[in-house]
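Good morning, and thank you for coming. Please look at the structure on the screen while I take you through several of its parts.

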Amino acid sequence: MYIGVDYYPEHWPENMIEEDIQGIKELGSNMVRIGEFAWHLMEPKEGHYDFSFFDSVINKLKKQNIDVMFGTPTATFPAWLAKQHPSILSKDENGAVRAFGGRRQYCFNSPLYRKYSAQITEQLVKHYCSEEAIVAWQVDNEFGHEGSDMCYCEQCHKEFQQFLERKYKDINELNEKYGTIFWGQTYNEFTEVPMPVKTITTHSPSLKLDWARFRSFSLNRYAHEQTAIVKKYKGDHQLLTTNVSGGFFDKWFDHEENLEVMDFVSYDNYPVWGGQTEPITPAHIALGHDFNRGLLHKNFWIVEELMGAQGHDVIGYLPRPNQAKMWSYQAFAHGCTNMLYFRWRGMTRGAEQYCYGVVGHDNHYGRRYKEVQSLFSEIVHYEHVLESDIKSDVAVLYDYENIWSWRFQQQSEGFDFTQELLRGYTPFYKLNTPIDVIPASRDFSSYKVLVVPALQIIDEELGKRFTEFTENGGVIIFTFRTGIKDKQNNIHFKQTLPGYVKEITGIEIHEVEALSSTQKAAIKGKGPYEGEESSASVWRDIITPVTAEVLYEYDDPFYNQAAVTKNQFGRGTVYYVGCGIEEQTFEKIALDIVKQQHIEHRESEDGIEVYPRKLGEKSYYFLMNHTSEVKVFKDIVLQPYESRVVENIQP
Ligand code: GAL
């Protein structure tokens, strides 16, 4: 397995490199990632390629038997290129040019940027195709991160119109589909169609969803062009990846499509970042891993794992001793097979002065160094366990077009897609059962349980797949706003909600209400949950049960109808959660489901995570104490933030 650090030798005096490599080696590393922001160093002037700096670094690394992942440098381009061709710079929603000086400010639709990127990538990969030490290529760096997936320049506008023309062929078809009869927006030709830039009120939802599809198309076309070049010139021994950043549901591109051309997925795991005074929840961190494992449905790498406090202008929480190590154990539990820490040493100059590395700015090899060293020395013993496949009975489904549809029209001030997905994911996470997080387009027939949060776009075909799944004995949990829209982002005409899943849910919805971010609505348990009192937030679907049983109803003088229902259909069961129910309420439902479905799970105290892995007949359990207190799980004492692997656990 590969373990190591992200190393930027170009940031340091040349006479320190050997000493650094020695320190990296003694950390237990056998890999570094280099190069991903060094375009200018490799092409200081147009067409003058010079890889001698990295040649020398690689030779030094080879002496210590350290392999290399090399990043193609297109995430930051040289100043000479921006000066010569300002059209490569992207524009924000107000039409303002994103100035040279940050990173990722290029437009994915700039023909010139595509040309220059292709040239540097080709030269670089050709230069190193037979370099044995380079065993993997990373294409670009964190596609779409930091808002770089959105651009409103003229090049994008023109390409967007062409994209629409290819899709609809006839402008009348677009008019019909968008419903431009509304507000008299009918277009005579494609060149009249605007980008959804700021205007009074809002643009057509159909136009906006097509714009999001176009953004995704633009980014992925660029990414795939770059990938194709690397594939064409790289050596057979060199693998290919690109690194996925956090906040993946807030991006304007389809990640599955982005990654499907890669050999493996790599992920940058930052449980906390600048400005955050505490890390995201353990479930939220786990979701990142399960999402990345879901992209190619196989185990993945982490190429940036946090160790020190991070931030650009504002710094965040400092992981407590052993907490970052525990996050690494958690990542390995959830399918990470190889790991690099970001970054070897914190940089003293430039925008990332406050991104603390494994080694301090003062070159002190202190607590962080020792923590990484201890992790590396322990985890290598489990290499084969880490490589084993993870089998999940529960899948959480998402769909980027649905997510974009929500981003354009939030409907409730309290709505956030990631939070709604976590609302359904967390109860199963807490039961310590493996969960796959996968696109709804994927074959889901082999799972026992599907959690389907806020999937408002459901067409006939997807509706059929859900029906078949239920007929065959599957369990589905839908949450509010399910199935209200078609793929055009329009509301289904002449269909009672929840649209194509009405029959399997056994309910009808005729009234809805958005709750403000501070508002709560009381709900009370019925049937098996009789006597329970709880509350709901974000949204209320006022449900009329047809064949469904009521599990919770609104405690409301006017609309005291069902809030949560359960319906038997075929051999399966379909739950409908019509509002943002509280965690404990969802946990009770999840527990009943895993018990009924005989899904392997383990109840544990809050903050104690137990992740099962299997290698042949043998079981391994990754134990993580996410809390600052000493905890005991089945007679095993876990110190604050302790993590380890055990082979036997009492039932
Ligand atoms: C990542 C990025 C790195 C660095 C790091 C800082 O998102 O890929 O280049 O910026 O964050 O924590």
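This is a predicted model: local features need pLDDT of at least 70, side-chain atom pairs count only at pLDDT 80 or more; totals for chains, interfaces and linings use all residues.

I begin with an open sheet of three strands, in the order β21-β22-β25, whose pairing is antiparallel. At its edges are β21, residues 608-615, and β25, residues 643-646, and each of these pairs on one side only. Neighbouring strands in this sheet are turned against each other by 20 degrees on average, with direction ignored. Between β21 and β22, the latter covering residues 618-625, there are eight bridges, and the two strands run antiparallel. To find this pairing on the screen, please locate Leu615, which stands opposite Lys618 in β22.

Let us turn to another sheet. This one is also open, but it has nine strands with parallel pairing, in the order β5-β4-β3-β2-β1-β9-β8-β7-β6. Its edge strands are β5, at residues 239-241, and β6, at residues 243-244, each pairing on one side only. How many bridges join β6 to β7? There are two, and β7, which spans residues 266-269, runs parallel to β6.

Helix α5, formed by residues 111-128, lies across β3 (67-71) and β4 (134-138). The angle at which α5 runs to β4 is about 170 degrees.

I now come to the ligand. Which residues are closest to the ligand? They are Arg103, Glu142, Glu304, Gln310 and Glu352, from a surrounding set of 13 residues. By type, the shell around the ligand consists of five nonpolar, three polar and five charged residues.

Several side chains place polar atoms by the ligand's oxygen atoms. For Glu142, an N or O atom of the side chain is 2.5 Å from a ligand oxygen. For Trp273, a polar side-chain atom lies 3.0 Å from an oxygen atom of the ligand. For Tyr270, the distance between a side-chain N or O atom and a ligand oxygen is 3.4 Å. Is the ligand buried or exposed in the protein? Taken alone, the ligand exposes 310 Å², and the protein buries 97% of that area.

Next, I would like to consider some details of the backbone. Most residues other than glycine have a negative phi, and most peptide bonds are trans. With that in mind, please look at the bond from Phe342 to Arg343, which is cis, with omega near -15 degrees. Arg343 is placed in the loop between β9 (336-342) and α12 (367-379). The peptide bond from Leu497 to Pro498 is also cis, and its omega is near 5 degrees. Pro498 is found in the loop between β13 (475-479) and α17 (502-505). As for phi, Lys169 is not a glycine, yet its phi is positive, near 65 degrees. This Lys169 lies in the loop that connects α6 (154-168) and α7 (171-178).

My last topic is Asp399, in the loop between β10 (394-398) and α14 (400-408). What does Asp399 touch, leaving aside residues up to four places away in sequence? Its contacts are Ala440 and Leu455. Along the chain, Asp399 and Ile438 are 39 residues apart, while their C-alpha atoms are separated by 8.4 Å. Finally, the side chain of Asp399 reaches the backbone nitrogen of Asn402 at 3.0 Å.

Thank you for your attention.

Key. Residues are numbered from 1 along each chain as its sequence is written. Side-chain values use heavy atoms; hydrogens and water are left out. Two strands pair if DSSP finds at least two bridges between them. Helices (H or I, at least four residues) and strands (E, at least two) are DSSP runs, numbered from the N terminus. Contact means heavy atoms within 4.5 Å. Axes are lines fitted to C-alpha atoms, for helices over the stretch in contact, and angles run from 0 to 180 degrees between N-to-C directions. A residue is near a molecule or strand if one of its heavy atoms lies within 4 Å of it. A polar contact is a pair of N or O atoms within 3.5 Å; within protein, one must be able to donate a hydrogen and the other to accept it, and residues adjacent in sequence count only if both atoms are side-chain atoms. Accessible areas come from the Shrake-Rupley method with a 1.4 Å probe; for residues, only the protein chains shown count as cover. Ala, Val, Leu, Ile, Met, Phe, Trp, Tyr, Cys and Pro count as nonpolar, Asp, Glu, Lys and Arg as charged, and the others, Gly among them, as polar.
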